[in-house]
Each structure stands twice: as C-alpha cells, then as structure tokens.
Amino acid sequence: MAESFGTDAERYDQARPRYPQAMVDRIATDGPGPGVLNVPGVLDAPDILDVGCGTGIAARQFQQAGRTVLGVEPDARMADVARRLGTAVEVATFEAWDPAGRHFDAVIAGQAWHWVDPVAGAAKAAQVLWPGARLAAFWNVFRLPPELAEALAAVCRRVMPDAPFDFRAVARGGLDTHQPILTKAADGIRAAGAFGEPEQWRFDWEWTYTRDAWLEQIPTQGAFTRLPPAGLAEVLEGVGAAIDAMGGSFTMPYATVVITATRTAPA
C-alpha cells in the first residue's frame, strides 16, 4: 500500500488536506535555529528534513513559514510532483537514505511515519538532528458524520468483502483508530534512546467538503488506491449518494495529532 499513493500523484496533491497553521508555526519557530552552532555553510543548507514528503504538501507549508526544506520520498512519482512544485527531494526510503554528514534543525513527517520502522527511523532522525532540535511526526485524523460513515462502511463491505480492514472503524475515524500508530511512534522514539520524553500535541480544526471534493479525496486513501476501477466507481457512487442526501456537502472535524520529542545532547 505504501507504494500505491503515487498512482495518481497529481490528484493526491490536490485532494489531500493541508495542516493547521498553528502546528506549522509551532514547529517552524522551535529548536536551536539554523546556523546557531556556527557550522560553516549551514545557513545555506536546508534546515528541515521532511520524511516521506510525498508531493510536498507539508514541505510547502514550512517553506511558506520561512524554512528551507529537503524532502526524502521513496516514490519517484510523488517526488517528481514535489520538485515541480518547489521542494528539493531525494528518492529513498528514510532507513536507506544517506544523510552525507548533513544535519537539520527539525525532522518532520506528515502522514508518513507509520511507514517507517519506528526505532530505526527515530535513530536515523537522531543521527541528523542538532542537539535541541525536534522530531515531529503528525497525522490528520478525521471523523466522518455518522450517516456518511455508515454509507461508506456498507458500500466497502459490499465491494471489498475480503479486505483486511474493519471498514466500520475506518469509516468512523477518530483518535481511537489512530492510537496504535501514535503509541508505536512514541515507543520507537523512547527506544532510540536519543530524545527526551515524547509529547503529544493536538490541533483541532474543521473543513467543509462539497460532494465532488470528498469524492476526489477517496481514491487517494490507502484503502482504495489499489481498488479496480469498477469497484472504485461503486464506492464513489454510494458515498456520493449519501452526501447528496445530506444536502450535497458536509463539515468534517479534524484533529491534527503530533508525536514529538527533542534531540538530547550526545553523552
């Protein structure tokens, strides 16, 4: 599934939600600051590393906040879109990526850290972070309105009866469904032994979707990226009918949740 998101990278970039500005600002203004250690050339280097940067959605938000970002992305199709939209990207998995002696003021990962080995990833982040710099992995967690969640679960059970998903839980969304991911990320940071105690931040916001806007996002979600066209069309038809019954639009509550810790000074 991790390799399937680049199937339609342009749609992914256009349809996927962005991140709350309050979160971007908090991370962007934290840490020791580029050049604080007076390392020659550091002021000209990227100061944020974006792991699993995809098409550069988060990277561009941090660039707009005044930071310089380097992306690492295993899917060349996603990386191509990110580069075209203004983010420098190196194609590799984070575990295999070569930092070539570079260090960063922050390592971020939006909707991506669950694809990284939690302990090896945290250890790699520690390798490239300045002391006092921050690792921040974050996810947008949504909760569909109940009537839409039920409609989505019903059509998914019909179209994908053998899929390894609890479609009722996936459709319902919410922090309960993400808690195993958050716990695994925090435990990996602890196990790496190079960070302070992980913290969990939460930023609540909401977004109103039209029928067409939500149907555009569905094919970019992991449960549907490999679905044959006929099956995807059936899912979209069922969900679209449910949104029509709600008046053609709905408001989605989001919580952007961050698992974060700062790099401790080497012993």
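Predicted model: local features only at pLDDT ≥ 70, side-chain atom pairs only at ≥ 80, totals over all residues.
**View 1. The whole chain, for orientation.** The protein chain has 10 helices and 7 strands; helices (H or I, at least four residues) and strands (E, at least two) are DSSP runs, numbered from the N terminus. Of its 267 residues, 51% count as buried. Here buried means under 20% relative accessible area, exposed means over 50%, and partly exposed is in between, with a 1.4 Å probe and protein chains only. Take the contacts between residues at least 6 apart in sequence: 77% of them join residues at least 24 apart. A contact means heavy atoms within 4.5 Å.

View 2. Reading across, the 7 strands run E3-E2-E1-E4-E5-E7-E6, and the pairing is mixed. E3 and E6 are the edge strands, each pairing on one side only. On average, neighbouring strands are turned by 20° against each other, direction ignored. Two strands count as paired if DSSP finds at least two bridges between them. For background, strands of a sheet pair through backbone hydrogen bonds, either parallel or antiparallel.

**View 3. E5 and its two partners.** On one pairing, E4 and E5 run parallel over 6 bridges, with Ala109 opposite Ala137 in E5. The chain gets from E4 to E5 through H5, and this β-α-β crossover is right-handed: with the strands pointing away from the viewer, the path from the first strand over the helix to the second runs clockwise. The other pairing, E5 with E7, is antiparallel over 9 bridges, and Asn140 has Thr256 in E7 as its bridge partner. With 12 of its 14 residues buried, E5 is largely enclosed by the rest of the structure.

**View 4. Inside the largest nonpolar core.** A nonpolar core is a set of buried Ala, Val, Leu, Ile, Met, Phe, Trp, Tyr and Cys residues joined through side-chain atoms within 4.5 Å. The largest one here has 34 residues, and those with the most contacts inside it are Leu49, Trp97, Trp113 and Phe195. Elements supplying at least two residues each include E1 (48–51), E4 (104–110), H5 (118–128) and H8 (175–192), while E5 gives the largest share, 7 residues. Leaving aside neighbours within four places in sequence, the contacts of Leu49 include Leu70, Phe94, Trp97, Ile108 and Val128. A second, separate core of 24 residues includes Leu148, Ala223, Phe224 and Tyr254.

**View 5. The buried face of H2.** In H2 (residues 21–28), Met23, Val24, Ile27 and Ala28 are buried. Seen down the helix axis, the buried residues fall within an arc of 125°, so they line one face of H2; the arc is that of the directions from the helix axis to the C-beta atoms. They pack against H3 (57–64), E4, E5, E6 (199–210) and E7.

**View 6. Two loop residues with positive phi.** Ala100 sits in the loop between E3 (88–91) and E4, with phi near 50°, and counts as exposed at 56% relative accessibility. Gln111 is in the loop between E4 and H5, and its phi is near 60°. As a rule, most residues other than glycine have a negative phi.

View 7. Asp212, in H9 (residues 211–217), is exposed, with a relative accessible area of 55%. Asp212 and Ser249 are 37 residues apart in sequence and 8.8 Å apart C-alpha to C-alpha. Pro266 belongs to the segment after E7 and is exposed at 56% relative accessible area. The C-alpha atoms of Pro266 and Ala126 are separated by 9.7 Å, though the residues are 140 apart along the chain.

Technical notes: Residues numbered from 1 in each chain as written. Heavy atoms only, no water. Axes fitted to C-alpha atoms, helices over the stretch in contact; angles between N-to-C directions.
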